[in-house]
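Biologist: Before I use any of these terms, I want to hear what stands behind them. Please set each one against its definition.

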Amino acid sequence: MLKSVDTSIQDWASRFMETCNDEDQLILPASVSPIELAKYVSSIANDHGGYILLGVYSENGYGSGFQNVASELVEKCEQLLEGVEMKCSSHQARFQNIYLLEIEKSDTLAFADGSPYVMKSGKPEIIPERQLIEKLGLGVDSSLINMISEQITKQSEKVDYLSEELKEKSKLKNQVPGLLVGGFIGWLLSTLLNSLLNVGG
């Protein structure tokens, strides 16, 4: 469950800045691109959920402050997201328009521009294969999938070989009556010739 951010108290944004971290309470400048913002949102949703305060800068040793955020940034970011539940609220801080994004934990996978992300050292990265498999609950990795695929291919080749053998045996089965009739006629002719030659001899 997300710890609520009370935006009704005075200087809530400054307090948010003081308590921000690299996991579930982030601050991002207004200059972030829509795709980068979407990656951060995906990362938070694929973890435990959290908040992003958009339109804040904080430079170590250089101070901090607020920047005006264009509403198009949030709109474009939302278009790049899939599998994310997010509430966006616009606020004023020192005469600048900022946004608080509340991101729910995703039940499945949250995608940004078609890829799932996780937070690593405060930066979004594409989710590693092992973590992806665990998140989806598959419990198998690609090497096991490849091994199973090879076994299926081998079994398929055996089935094809046996099918060909069956076709050949089926042809023989259809030829047996003809061979029997030919053998019987040959026996009959040889018996007739033997009896005619014996009679004549």
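Biologist: What makes strand 6 and strand 7 a pair, and in which sense do they run?

Modeller: This is a predicted model, in which local features need pLDDT of at least 70, side-chain atom pairs count only at pLDDT 80 or more, and totals for chains, interfaces and linings use all residues. Residues are numbered from 1 along each chain as its sequence is written, and side-chain values use heavy atoms, with hydrogens and water left out. Strands are DSSP runs of E with at least two residues, helices are runs of H or I with at least four, and both are numbered from the N terminus. Two strands pair if DSSP finds at least two bridges between them. Strand 6 (residues 86-93) and strand 7 have eight bridges and pair in the antiparallel sense. Within this pair, Ala93 is opposite Gln96. The hairpin has two residues between the strands, and Arg94 there has a positive phi near 50 degrees.

Biologist: Which strands does strand 2 join, and by how many bridges?

Modeller: Strand 2 (residues 50-54) is joined to strand 7 by five bridges, and the two run antiparallel. Leu53 faces Leu100 of strand 7.

Biologist: How do you know that strand 7 is mostly covered?

Modeller: A residue is buried under 20% relative accessible area, exposed over 50%, and partly exposed in between, using a 1.4 Å probe and protein chains only. In strand 7 (residues 96-103), six of the eight residues are buried. Across the protein, buried residues are 28% of the 201 residues.

Biologist: What is the order of the strands in the open sheet, and which strands are its edges?

Modeller: The open sheet has four strands in the order 5-8-9-10, with antiparallel pairing. Strand 5 (81-82) and strand 10 (123-126) are called edge strands because each pairs on one side only. Strand 5 and strand 8 (residues 111-112) have two bridges, and the definition asks for at least two, so they count as a pair. Glu82 is opposite Phe111 in strand 8.

Biologist: What makes a set of residues a nonpolar core, and which members of the largest one touch the most others?

Modeller: A nonpolar core is a set of buried Ala, Val, Leu, Ile, Met, Phe, Trp, Tyr and Cys residues joined through side-chain atoms within 4.5 Å. The largest core has 24 residues, and those touching the most other members are Leu37, Val41, Ile52, Leu54, Leu81, Leu101 and Ile103. Helix 2 gives the most to this core, with six residues. Apart from this core lies another of 13 residues, including Met17, Leu53, Phe66 and Ile98.

Biologist: Which residues does Ile52 contact, beyond its neighbours within four places in sequence?

Modeller: Contact means heavy atoms within 4.5 Å. With those neighbours left aside, the partners of Ile52 include Leu26, Leu37, Val41, Tyr99 and Ile103.
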